[in-house]
Amino acid sequence: MRVLFATSEAVPLIKTGGLADVSAALPAALHGMGVDVRLLLPAYPQVLKALPHLETATELSLFGFPAARLLAGRLPDGMPLWVIDCPELYLRGGGPYQDEHGMNWMDNAHRFGLLSRIAAVLGSAESPLGWKPDVVHCNDWQTALAPAYLNFSDNAAPSVMAIHNIAFQGIFPPQTTLELGLPAESFQMEGLEFYGNLSFLKAGLHYSDHITTVSPSYAEEIQTDALGFGLQGLLASRRKDLTGILNGIDTDEWNPAADPSLAQPYDATDLRGKTANKLELQRRMGLQTDPEAPLFGLVSRFTHQKGLDMVLEIAAQLVALPAQLVLLGAGDAGMQRAALELSHRHSGQIGAYVGFDEDLSHLIEAGADIFMMPSRFEPCGLNQMFSQRYGTPPVVHATGGLVDTVVDCSAESLERGDASGFKFYDVSAASLLAAAQRAVAAYHDKEVWKKLQLNGMSKDFGWGKSAAAYRDIYARLMRQ
Ligand code: ADP
Ligand code: GLC
């Protein structure tokens, strides 16, 4: 079984969020099951720097796009990949989607049109390569035109369209359709047209052979007006081709017993190392080093989606409980400023670091007592799984993957032995605060807390079951 996995980010090359984690861990898990997976992604400067030994596989000159070279190489873990070398589109500073000031690149339609187009070339009769995939697996809007291109190609492989976040759709002016070499007939409601514009994601959802998303709850939610972001009707009409498959995590990278970013390793048989990490975290973030104070941690993009505004709103009340808070993240400029201001106003109790820092994110998972994830919506979410694995019960809004991965602490769930965190059910700062207070009360009950920690730490968050579910979908498409 051969699968082309097209993505706009993958660790350890380039990462803005969970898509990068999934784009490395899922292919690796599939590979372990005997699937011949190859990655396709753009040659951003970060990618070229991380992969010095690339070889030219072919040159491509495609209508509507600058000339490009396909370079072949391998990820550090051995996974074969192709990167698209097109300096005009990809060789620049800033991030994959935005410039240094957080503005979307003006030519994103072409940047990700080319990624989609080449995925389709490799999956069809047009391919200059000897390796032909049985399935093209597309991820989010950045690769979502591939199913459309495949639809208009000869001898095309079937495609899977994976939704990691339906809020990002890749909407561009109507004339982009022809500029990107797609036929005029595709620009219609039964195609890639979306309220008068071209929508990359709608193209993927319309033309793909199967649709997946990253949790069972989110698969239901995106069929509703509240969370479908305008695509609920299309998704509901395709519900028999729509599967929610929970993401896993990389249990080697996220292993408190062997994590090089920690001050001291620990595991479920001996949690004492967690205190050393808490003290180290408090020191590093300028907090009072107090092993008893309940310490909340948060690692997140600073956006409305993630509910950071609610955390900022209740921060002073958390401190009054008393409790401490550490925040790590980047994004919205106003939220970044507000987080830093809070850390100055409550110095010693609140610490904030604005930026992207892998090491610190691991230390927060280990050193915090309670993790915070009040997302307004969350397709899957990875941090709540990391935190359970690190003995750090999360406080989460009951949405999407957070519903599917956290069991609310109650007399019954403690009795059953699966309580693993704290959920709140309506999006408000007051509900978040109430859940945080419940968490602090439980934290002070040593026996309850230990149970919660051990329940989370003993859960299987690996990729095994989920990778098998993807493999089954590929197999079904190959038989059709
Ligand atoms: P999303 O993809 O919506 O941002 P996820 O929970 O799926 O949410 O994944 C986010 C990933 O990015 C996690 O691996 C998280 O640890 C990481 N992350 C987010 N912000 C930062 C940051 N500022 N520093 C380090 N890692 C971060
Ligand atoms: C998206 C979602 C997040 C999910 C990740 C990986 O970024 O926001 O919930 O975990 O993709 O699938």
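**Two ligands and their surroundings**

Q: Hi! How do the residues of the shell around ligand 2 divide into nonpolar, polar and charged?
A: They divide into 5 nonpolar, 6 polar and 2 charged. Here Ala, Val, Leu, Ile, Met, Phe, Trp, Tyr, Cys and Pro count as nonpolar, Asp, Glu, Lys and Arg as charged, and the others, Gly among them, as polar.

Q: What should I know about the model?
A: The model is predicted: local features need pLDDT of at least 70 and side-chain atom pairs count only at pLDDT 80 or more, while totals for chains, interfaces and linings use all residues. Residues are numbered from 1 along each chain as its sequence is written, chains are lettered from A and ligands numbered from 1 in the order in which they are written, and side-chain values use heavy atoms, leaving out hydrogens and water.

Q: Thanks! Which residues are closest to ligand 2?
A: His-164, Asn-247, Glu-378, Cys-380 and Gly-381 are the closest of the 13 that surround ligand 2; a residue is near if one of its heavy atoms lies within 4 Å.

Q: What is 2.5 Å from an oxygen atom of ligand 2?
A: An N or O atom in the side chain of Glu-378. The side chain of Asn-247 also has an N or O atom 2.8 Å from an oxygen of ligand 2, and a polar backbone atom of Gly-381 is 2.8 Å from a ligand oxygen. A polar contact is a pair of N or O atoms within 3.5 Å.

Q: How much of ligand 2 does the protein bury?
A: The protein buries 93% of the 310 Å² that ligand 2 exposes when taken alone. Accessible areas come from the Shrake-Rupley method with a 1.4 Å probe.

Q: Switching to ligand 1: which residues come nearest?
A: Lys-15, Gly-18, Arg-301, Lys-306 and Gly-355, out of 19 around ligand 1. A polar side-chain atom of Lys-306 is 2.8 Å from an oxygen of ligand 1, and a backbone N or O atom of Asp-357 is 3.0 Å from a nitrogen of ligand 1.

Q: Which strand gives the largest share of that shell?
A: S13, with 3 residues. Strands (E, at least two residues) and helices (H or I, at least four) are DSSP runs, numbered from the N terminus.

Definitions and conventions
A polar contact is a pair of N or O atoms within 3.5 Å; within protein, one must be able to donate a hydrogen and the other to accept it, and residues adjacent in sequence count only if both atoms are side-chain atoms.
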